[in-house]
Amino acid sequence: MSFVSVEFLAFTAICTAGYYLIPKRAQWVWLLIFSYVYYLAQGPQYIFFILFATAITYLGGLWAESGSKAAVPVTLLLDFGMLAAVKYTNFMIGNLNGLFGTEIREMRLLLPLGISFYTFQATGYLLDVHWKRVRAERNPFRFALFLSFFPQILQGPIGRYGRLADSLYAEKEFDMERILRGLYRIAWGFFKKIVIADNAALYVNTIFDNYATLRGYGILGVLMYSAQLYGDFSGGIDVVLGIAEMLGVSLDENFRQPYFAVSITDFWHRWHITLGTWMKDYLFYPISLSRWMGRFGKWCKTHMGKSTGRAMPICVANVIVFLVVGVWHGPAWHNIVYGLYNGLIIGISGLLAKNYREARKRLGIGKDTRWFYIFQILRTFVLVNISWYFDRAGSVGQAFMMMKDSILHFAFSINVVDAGACWSGSQTVTFCAILIGCAVLFVHSVMEERGVSVGEALCRKPLPVRFAVLLLLVLSLVLIGSEPLSQGGFIYANF
Amino acid sequence: MDELIEILEDIQPDADYETCTTLIDDGILDSFAILSIVSELEDAFDIRITPAEIIPENFNSAKALYAMVQRLQG
């Protein structure tokens, strides 16, 4: 049951209506039932995995709270062991066969939907209990809801127990304003997904899947991928947050105008925020503060001087974390290069931070220098787009070849896609739909960047204005949405 | 406290550490700065800071940092 389907909208409407009609103390049970029905509808074969993660982490949390030293490693091993087994076994077999010429047969493994997201959420909870940031949940059914809340289970945002639990289990009154806010957010999410992402996908798939014949179109392809990925993922998250809003549940934001970032570090503070903060809290800090990294830091300080020596272990930890981010994106070498690319840029920037600060001082470039601010945004956008080549290409070789052709054989044509594949039968109309969608998104992003919450500003307008905007968004989906919207799965639901 | 302020100003000079109470909330200290501070505090005050201590409440102000250092020394 895809988000972009009539069935899902009907499912959400029934869930929301019933939620406010039943006794309030049963609301969280209602959500648990709907969450499991939703997950079962994705395929009953997946249910074992989420039940396993729930049971193991629930018991692990209670065990960790009792003070046992074995609780965390054993539970983490089981949780991540399951994730690694289903996601990376065939990647390892393929590499072993390639390296040693063996003929180990690949296994037929299920990749349960959303497994990365609920595994990360579960292990974050476990470590929070271990570090005494939260108390372990006593009720296994309430814990089961924390891991399975249906809007977020397939593509996040990755929730934190300390922030999510209260709002998930609290009793809620019906509030029309909240419902309208949620509906607006859902419509905005579908606009990004259907108008921008699905149309841009036509260009992306054509150019990347035929890169050997369509040489030189890499820049058009990667810019379209920028639009597609952002529209798809952030649009999906808007739908998730909108549904949660209607149900009175507060989830963490996952995006904050990422293409206005002034550095790659800043980009990761704005893109897939909940993955970034998860990595920072549960991997980056523990690695950086481990005893062996402390010894490495002392060695660096002795041999490289105070400033570089202090930064070096942080850079190494950073590269390790981004290596994991790359692997998380999928078991393939181009994803590992994608992670390393980000990690190395951030690591080197950290190492040179003091030099940058001094150079800017000498050149008289202040914090508020406008041209430098715009230069930083454009520079970061280019760096991010280079990373998208690795993310989208099927192999490292393809990414490098497309980059080279982008410069040496530059080509551009909006007619590169097959007219028959366009919903309107015209490449020009499809291209214009993408441009209009991106222009609307740009204005929305500028307003948000300036501190205007578009959703809240809209809620202060008279009711007819709000309905008119909602209607306009829905109409745009019908009029300029791409044809294959009914098949529209989300990219990040495959993680 | 003076030694602590000196460490903070060396790592991230663009802040008023006497008055600011939102060093984390306002993004003045990023994760790089936080770990640099941890490294210096461990050396200067002979303490060990674990991941459990890396929470905004401990890093939002110089005063909070100082309180953490004293607690870990005790």
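Among contacts in chain A between residues at least 6 apart in sequence, what share joins residues at least 24 apart? The share is 73%, where a contact means two C-beta atoms, placed from the backbone, within 7 Å. This is a predicted model, where local features need pLDDT of at least 70, side-chain atom pairs count only at pLDDT 80 or more, and totals for chains, interfaces and linings use all residues. Residues are numbered from 1 along each chain as its sequence is written, while chains are lettered from A and ligands numbered from 1 in the order in which they are written. The predictor gives the complex an ipTM of 0.88 and a pTM of 0.88.

**Chain A overall**
- Chain A has 20 helices and 0 strands; helices (H or I, at least four residues) and strands (E, at least two) are DSSP runs, numbered from the N terminus.
- A compact globule of 495 residues would have a radius of gyration near 23 Å, and chain A agrees with its 24 Å. That radius is taken over C-alpha atoms, and the globule rule is 2.2 Å times the number of residues to the power 0.38.
- Along the principal axes, the C-alpha trace of chain A spans about 65 × 65 × 60 Å.
- Of the 495 residues in chain A, 41% are buried. Buried means that 20 or more other C-beta atoms lie within 10 Å of a residue's own, exposed means 12 or fewer, and partly exposed is in between, with C-beta atoms placed from the backbone.

**The nonpolar core**
- The largest nonpolar core has 140 residues, and those with the most contacts inside it are A:Tyr118, A:Ile196, A:Ala200, A:Tyr203, A:Val204, B:Ile34 and B:Ile37. Such a core is a set of buried Ala, Val, Leu, Ile, Met, Phe, Trp, Tyr and Cys residues joined through C-beta atoms within 7 Å.
- Helix H8 of chain A (residues 176-209) gives the largest share of this core, with 17 residues.
- Leaving aside residues up to four places away in sequence, A:Val204 touches A:Gly221, A:Met224, A:Tyr225, A:Gln228 and A:Arg392.
- As background, nonpolar side chains tend to be buried together in soluble globular proteins.

**Where the chains meet**
- The contact takes 15 residues from chain A and 12 residues from chain B.
- On the side of chain A that touches chain B, helix H11 (273-288) and helix H13 (306-328) each supply at least two residues. The largest share of that side, 5 residues, comes from H11(A).
- By class, that side of chain A has 8 nonpolar, 4 polar and 3 charged residues. Here Ala, Val, Leu, Ile, Met, Phe, Trp, Tyr, Cys and Pro count as nonpolar, Asp, Glu, Lys and Arg as charged, and the others, Gly among them, as polar.

**A look at H13(A)**
- The 23 residues of H13(A) should span 33 Å at 1.5 Å a residue, and the end C-alpha atoms are 34 Å apart, which agrees. The expected span is 1.5 Å times one less than the number of residues.
- Buried residues of H13(A) include A:Met312, A:Ile314, A:Val321 and A:Phe322.
- The buried residues of H13(A) pack against H11, helix H12 (291-304) and helix H14 (333-351) of chain A, together with helix H2 (31-45) of chain B.
- Just after H13(A), A:Gly330 takes a positive phi of about 150°.

**Chain B overall**
- Chain B has 4 helices and 0 strands, and its elements run α-α-α-α from the N terminus on.
- The radius of gyration of chain B is 11 Å, close to the 11 Å that the globule rule gives for 74 residues, so chain B is as compact as a globular protein of that length.
- Buried residues make up 34% of the 74 residues in chain B.
- Chain B averages a pLDDT of 90, and 100% of the residues score at least 70; pLDDT is the predictor's confidence in each residue, from 0 to 100.

- Most residues other than glycine have a negative phi, and most peptide bonds are trans.
- A cis peptide bond joins A:Gly156 and A:Pro157, with omega about 5°; A:Pro157 is found in the loop between helix H6 (140-148) and helix H7 (161-169) of chain A.
- A:Lys132 is not a glycine, yet has a positive phi of about 60°. A:Lys132 counts as exposed because it has 10 C-beta neighbours inside 10 Å.
- B:Asp46, also not a glycine, has a positive phi of about 50° and lies in the loop between H2 and helix H3 (56-59) of chain B.
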